[in-house]
Amino acid sequence: PGVKPGTAVLDAAQAGPADSGITVEQFKQDYRNKVERMYGDGLERVSDLDKYNALVSLVRDYLAEPWLNTKEKYRRTGAKQVYYFSIEFLLGRLLGSNLYNLGLNEVCQQALSELGLDLRTLRQVEEDPGLGNGGLGRLAACYLDSMASLGLPGHGMGMRYRYGLFEQRIVDGYQREYADDWLMDGFYWDVRKPAEAVEVRFGGNVRIKSNGKTQYIHEGYETVLAVPYDVPVVGYRNGMVNTLRLWSAEARLSEVVCAPQGGSDCQKAVEYSQTVEELSNILYPDDSTYEGKALRLKQQYFLVSAGLQSIIRNYRENNGHLREFPHKIAIHINDTHPVLCIPELLRILLDEEQLTWEEAWNITVQTMSYTNHTILPEALETWPEDLFRTVLPRLYLIVRDINEYYCRSLWEAYPGDWDRISRMAIISYNRIHMAHLAIVGCHSVNGVAELHTDILKNKIMKEFCDFSPAKFNNKTNGVTQRRWVSLCNPALAQLITDTIGPRWVEHPQELAQLERHSADTAFQHHLLKVKLQNKVALAKYVKEKHGITLDVNSIFDSQVKRIHAYKRQTLNVLHIMALYNRLKENPLLDIEPHTFIFGGKAAVNYHIAKNTIKLINSLADLVNNDKSIRDKIKVVFLENYNVSLAELIIPATDVSEQIPTASYEASGTGNMKFMMNGAVTIGTLDGANIEIKQAVGEDNIIVFGLTAEEVLAYYRGGGYNPWEVYQDNERLRQVVDQLINGFFPAAGDLFRGHFDSLLHQGDHFFVLKDFASYEAAHQVLDERYKDRPVWLKMCSANIAHSGRFSSDRTFAEYATDIWHIRPDTLPFSASEKQIR
Ligand code: 475
């Protein structure tokens, strides 16, 4: 009764854990059999790693059928497929999320517990695959979850790096980097597909043959074999499994003959295989040297060429002429790293399909779309023309043609305006501008929060926007509530479900119903209990790992993200120093006890950021060992911040520090995860913080500092004078001086760089300028916290209004506005869950 047409698939899936049809008994039996078959030994005698591997293998068996059915269904219905190309996917551990999305979590938990095992322990055996640096890579992973859960035929294309982002260890307060050997014990989620390997060509030269029609013949190139590994991406209880295809570089040694008379050729062959495999060895190799740059460019082409070849091969098996390509395929480019998709698709259409330039160009533009994730100038990629020509000679010619074709249209629009044309060209001053190529070759260009998109349209990409305004649009980021609430904070998820029912997991907008309960004493009481429980769990981890005892009744105030000058960990540090000074002056000072939590990695050669880590740890040493302040404040730097650690810190946090210099943080996504878990944001009006403020209302967020407009106005006027601020604010002067005056006993001149950047180099990130308002904001925060019912109401409001920061919402927008996917063509979800 009441079932709407077409909802059958979903409703059956919503029936609960039983929808997998697997009972606890069955699970136990399957699991025992699996262990015995894999290890030839009984469950009682194998290691935790073996138990974990067997469990993964079993879950993979369970998802094999839906995976196969999904592919079959796509073939049958001919649904338009989206491919999300990204050089990074920061997946996090998969066992928990796959069990959860399959609807097998409870069954598995129960079965294991009856076998005397603990699912949580086995989940922790899993390596956290660090195939990304930060925000951009984690966003890509959230999107995979949302695409599958929304019933969208959307897949990932990425790299299977042999070593992920380095493992960070703190030695004597300093960051030390260790190789992340995540594949050492094997990775059981992916399936190697050697039969679907493709060849990618580098170097050589292009011979132009002209008999009537010009032909481009690529010769003398080197071949690298690209082997795909497919990772299943499970949708939330909808029977759908998409694919993340990760590419690995291999050499075909069987083709190299080992000389019978000696080992030297074999030696060469092995050396050769090493240089080939270097391509997919490490994430984001050092690009400060020429060799490093060439490697990164090769990596990008490797992903693009392998990915496109496999898409086209698959397309050909199921479709007709490539003219229909844009109706069947959408390719999304995650920042400029995969932008070579544009010339590579053109190459295939021109050289292999013999289409005309106009046809090939139209198909390409209609297929491609691009997201920009940062306006930091150092992240806007350009390549030296000669490097590009050497590594990718055929693509170079194509990019030159695109540039010419495009500059001609610029010339028609702006006759005689050479300056503008050279600013907008793809190739200028012997460099190839990847963002320009992306804008020209895509039908859609989007920013990741309203402010960020405005800055792109009115500043960074203004001339491009004037030329083709219809391309530009905003898609505010989102995060998946399934990983970032259900999985990492099961107690909160339960409270929400008990209060408003379970639909929020698929319809996050329904979290708004919590608003009605936000002042309810019983609800508040539970919320407090959940938070405390999570703080106890984090405190336990900190005690075990770092030997530091945390006061779980203190305010947990967290800033976890990459260490970067614009993110202003330094501002946080200066504020803590000032608070410490006040406590030293007046030990009876009435402040709420605070635990300041930091985490994050600094790029290997980013010296000042690495020193910021040392600064935080020096402060922690000082504060945590000072008996006179009676544990009123604690500072901890948690080593090796990654997805798994975030899952522990975020649910335990009361205060979310989102304090970048306004205009720099394109969006931020940590801010969204914290709010979903009921933390209150202290933040600048930057990126998505602005939209968070709109969503929760100004009473439920604490904002401070210069606005983006003010920051940009200062830059236009040549900056500001930090000395004035320094002279006028005694408390600030004291902490700035303490960076270099022996306050940190063993530091010597270590923090002189910080001191100089604040005072002698113009304080580019407005740390001193925003200090007073940051301090005042913290005072407001403490007052609110003292009034617990008021505080808990703020926390609830944050959870209640976090629905619009779900990646489900974001992806529904991408699907309709950018990929033009019609909801009625979706093979899976035909319910109200569908895209609106
Ligand atoms: C923004 N990474 C966040 C997030 O949109 C935003 C750059 C060059 C090479 C490798 N990685 C990068 C980024 O630019 C990045 O992570 N940007 C971040 O993207 C998702 O929320 O504000 O800084």
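Analyst: In the hairpin of β9 and β10, which has six residues between the strands, arginine 237 takes a positive phi near 45°. This is a predicted model, in which local features need pLDDT of at least 70 and side-chain atom pairs count only at pLDDT 80 or more, while totals for chains, interfaces and linings use all residues. Residues are numbered from 1 along each chain as its sequence is written.

User: In which sense do strand β9 and β10 pair, and over how many bridges?

Analyst: Strands of a sheet pair through backbone hydrogen bonds, either parallel or antiparallel. Strands here are DSSP runs (E, at least two residues), numbered from the N terminus, and two of them pair if DSSP finds at least two bridges between them. Strand β9 (residues 222-234) and β10 pair in the antiparallel sense over ten bridges, with valine 234 having valine 241 of β10 as its bridge partner. Strand β2 (residues 154-159), by contrast in direction, runs parallel to β10 and is joined to it by four bridges, with glycine 158 opposite leucine 246.

User: How many of the residues of strand β10 are buried?

Analyst: A residue is buried if 20 or more other C-beta atoms, placed from the backbone, lie within 10 Å of its own, exposed if 12 or fewer do, and partly exposed in between. Nine of the ten residues of β10 (residues 241-250) are buried, so this strand is largely enclosed by the rest of the structure.

User: Which way do the residues of β1 point?

Analyst: In a regular strand the side chains alternate between the two faces of the sheet. In β1, Gln81, Tyr83 and Phe85 point one way and Val82 and Tyr84 the other way, and all are buried. Strand β1 (residues 81-85) runs parallel to strand β11 (residues 329-334), to which five bridges join it, and phenylalanine 85 stands opposite isoleucine 333. Four bridges also join β1 to β2, again in parallel, and valine 82 has glycine 154 of β2 as its bridge partner.

User: Why is one side of β13 and of β14 left without a neighbour in the sheet?

Analyst: The open sheet of three strands has the order β13-β15-β14, with antiparallel pairing. Because β13 (382-384) and β14 (427-428) stand at the edges, each with a single partner strand, one side of each is left without a neighbour in the sheet. Between β13 and strand β15 (residues 431-433) there are three bridges, and threonine 382 has histidine 433 of β15 as its bridge partner.
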